[in-house]
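Please open the model in your viewer and keep the sequence panel beside it. The stops below say what to select next and what is to be found there.

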Amino acid sequence: MQLAAQRYVADMVERRFFDHVDPGGLAPEDRILMAGYPAHNAWTGENLAYGTGPEGSPAEIVDHWMHSQGHKENILRATFTEIGIGVAFDVPKAEPAGTDAGATYATSFGGPPTR
């Protein structure tokens with residue numbers, strides 16, 4: 001999980017995109033499996049965020065996720081028993097000159113195979 005999340009934030013920052021599906025068409029479950037997650041029929045999920053200045057702090061990102069229904073559901077979903085967290089100290093999109101430094105975050109979630 002950790003490897004999938006860290007690779008993805010680095011990729012988003014390097015290639016300057018922000019989306020759950022990368023420019024090559026890979027979705028979260030594809031990236032999680034490519035990083036070595038063991039089950040093709042496992043529960044998987046992902047949360048993404050980035051911010052600059054104080055809005056890019058870990059506390060602000062988690063607060064944002066907890067006030068967003070879909071992100072909060074991922075965090076609290078009982079079927080997710082594993083999490084990997086990735087952080088890149090840059091943002092995936094060009095920011096206006098003078099903008100404070102930022103960070104990009106990804107959480108990769110996984111759980112036991114579905115039956």
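Begin with R31, which counts as buried at 9% relative accessibility, where buried means under 20% relative accessible area, exposed over 50% and partly exposed in between, with a 1.4 Å probe and protein chains only. This is a predicted model, in which local features need pLDDT of at least 70 and side-chain atom pairs count only at pLDDT 80 or more, while totals for chains, interfaces and linings use all residues. Residues are numbered from 1 along each chain as its sequence is written, and side-chain values use heavy atoms, with hydrogens and water left out.

R31 belongs to helix 2 (residues 28-34); helices here are DSSP runs of H or I with at least four residues, numbered from the N terminus.

Next select A5, in helix 1 (residues 2-15), which is buried with a relative accessible area of 0%. Beyond its neighbours within four places in sequence, A5 is in contact (heavy atoms within 4.5 Å) with G84, I85, G86, A106 and S108.

Finally, select A5, Y8, V9, M12, V13, F17, L48, A88 and A106 together: these 9 residues make up the largest nonpolar core, a set of buried Ala, Val, Leu, Ile, Met, Phe, Trp, Tyr and Cys residues joined through side-chain atoms within 4.5 Å. Helix 1 gives the most to this core, with 5 residues.

Note on methods. Helices (H or I, at least four residues) and strands (E, at least two) are DSSP runs, numbered from the N terminus.
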